[in-house]
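Subject: Structure handover

Hi,

Here is the structure I promised to pass on. My notes follow below it.

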Amino acid sequence: MPQALSTEQVKELVQLYAQAARNAVEAGFDGVELHCANGYLVNQFISAHSNQRTDEYGGSLSNRLRFLREITEAVAEVVGKDRVGVRFAPLFASTDEARVYLGLVEENPHETYLEAVRLMEQIGIAYVSLAEADWDNAPELPITFRQAVREAFSGLLMYAGKYSSERANKVLNANWGDLIGFGRWFIANPDLPARLLNQWPLNELDASSLYGGTAAGYSDYPRYRPSL
Ligand SMILES: Cc1cc2nc3c(=O)[nH]c(=O)nc-3n(C[C@H](O)[C@H](O)[C@H](O)COP(=O)(O)O)c2cc1C
């Protein structure tokens, strides 16, 4: 059975995040992204559904954001705030979907994640990456939320999740974000930027090989060859 961390252990974890970031930069990485989305540990602190702590890391919104704040400050301190990014998953979904999605959906995602982004602004990190729901008929991020995040954060904003070039351009042209991330399209198209730029057709993704563990579906998707 999973066991709740003691308050002391949470504080040790903050130091371990700092050490891990230091190690990464010493090993030659340009920067560190703190993964605070999709049900991972930091997300579990943020969500009122999963966070059942009664110490200073649970309860009120500012308590639930304390772990996020402490690790971001600690990591920014050791590697420099301009080398730090953070990924959130502000899922706007009905309660039913919340139950199936790791039980992590907030009662008020707008309030929770706007506050989280404001914290990131105070610390002054390089970018915030927002992971959007990427399954069929997934809930869209409300425009009011995109606008509020844009106003609250002066660094770079990235979005990812089920983007087509058309949707990506819409977000960029509206100035809601600076960068768009592609997942599945990139897996199936090693030359994706050139294909998007030139409006070349895309390879179909073979979803059955996504977790295959061999070269098939990993390094054998062809680059685009214009027919002569
Ligand atoms: C095969 C696969 C595995 C993924 N694994 C993770 C993961 O472990 N953690 C995570 O946060 N996101 C994961 N993602 C989501 C991606 O980080 C990204 O947000 C998503 O693929 C973007 O949507 P798109 O594929 O529609 O472009 C995964 C995506 C794919 C396709």
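**Loops and backbone**

Asn175 sits in the loop between H8 and strand S5 (179–181). Helices here are DSSP runs of H or I with at least four residues, strands are runs of E with at least two, and both are numbered from the N terminus.

Two ground rules before the rest. This is a predicted model: local features need pLDDT of at least 70, side-chain atom pairs count only at pLDDT 80 or more, and totals for chains, interfaces and linings use all residues. Residue numbers start from 1 along each chain as its sequence is written.

Back to Asn175. Its phi is positive, about 65°, although Asn175 is not a glycine. Most residues other than glycine have a negative phi. Asn175 counts as exposed, with 11 C-beta neighbours inside 10 Å. The burial classes work like this: buried means 20 or more other C-beta atoms within 10 Å of the residue's own, exposed means 12 or fewer, and partly exposed is in between, with C-beta atoms placed from the backbone.

Lys162 also has a positive phi of about 65° and is not a glycine. Lys162 belongs to the loop between S4 and helix H8 (165–173). With 16 C-beta neighbours inside 10 Å, Lys162 is partly exposed.

Gly177 is in the loop between H8 and S5. Gly177 is buried, because 20 C-beta neighbours lie inside 10 Å. Gly177 touches Leu157, Met158, Tyr159, Val171 and Leu172, leaving out residues up to four places away in sequence. Contact means C-beta atoms, placed from the backbone, within 7 Å of each other. Trp135 is 42 residues from Gly177 along the chain, and their C-alpha atoms are 21 Å apart.

**Domains and ligand**

The domain assignment gives domain 1 (7–181) and domain 2 (184–228). Such bounds come from an automatic or database domain assignment. The domain centres, taken over C-alpha atoms, are separated by 29 Å.

Where does the ligand lie relative to domain 1 and domain 2? Both domains give residues to the shell around the ligand, so the ligand lies between them. There are 13 residues around the ligand, and Asn38, Asp134, Lys162, Gly183 and Arg184 come nearest. A residue is near a molecule or strand if its C-beta atom, placed from the backbone, lies within 6 Å of it. The shell divides into 7 nonpolar, 3 polar and 3 charged residues. Nonpolar covers Ala, Val, Leu, Ile, Met, Phe, Trp, Tyr, Cys and Pro; charged covers Asp, Glu, Lys and Arg; the others, Gly among them, are polar.

**Helix H6**

H6 (residues 109–123) has 15 residues. From first C-alpha to last, H6 reaches 21 Å, close to the 21 Å expected at 1.5 Å a residue. The expected span is 1.5 Å times one less than the number of residues.

Which residues of H6 are buried? They are Pro109, Tyr113, Ala116, Val117 and Met120. Seen down the axis of H6, these buried residues fall within an arc of 95°, so they line one face of the helix. The arc is that of the directions from the helix axis to the C-beta atoms. An α-helix has 3.6 residues a turn, so residues three or four places apart point the same way.

The buried residues of H6 pack against helix H2 (41–46), helix H4 (66–79), strand S2 (84–88), strand S3 (127–131) and helix H7 (143–152). On the other side of H6, Glu111 and Gln122 are exposed. Just after H6, Gly124 takes a positive phi of about 85°.

**Strand residues**

Val84 lies in strand S2. Val84 is buried, with 26 other C-beta atoms within 10 Å. Val84 and Val32 are 52 residues apart along the chain, yet their C-alpha atoms are separated by 5.1 Å. Not counting residues up to four places away in sequence, the contacts of Val84 include Val32, Leu34, Val75 and Ile125.

Tyr159 is in strand S4 (residues 156–160). Tyr159 counts as buried, with 23 C-beta neighbours inside 10 Å. Beyond its neighbours within four places in sequence, Tyr159 is in contact with Leu130, Glu132, Val171, Gly177 and Ile180.

**Helix H10**

Asn198 is found in helix H10 (residues 192–198). Asn198 is exposed, with 10 other C-beta atoms within 10 Å.

Best wishes

Terms used
Contact = placed C-beta atoms within 7 Å.
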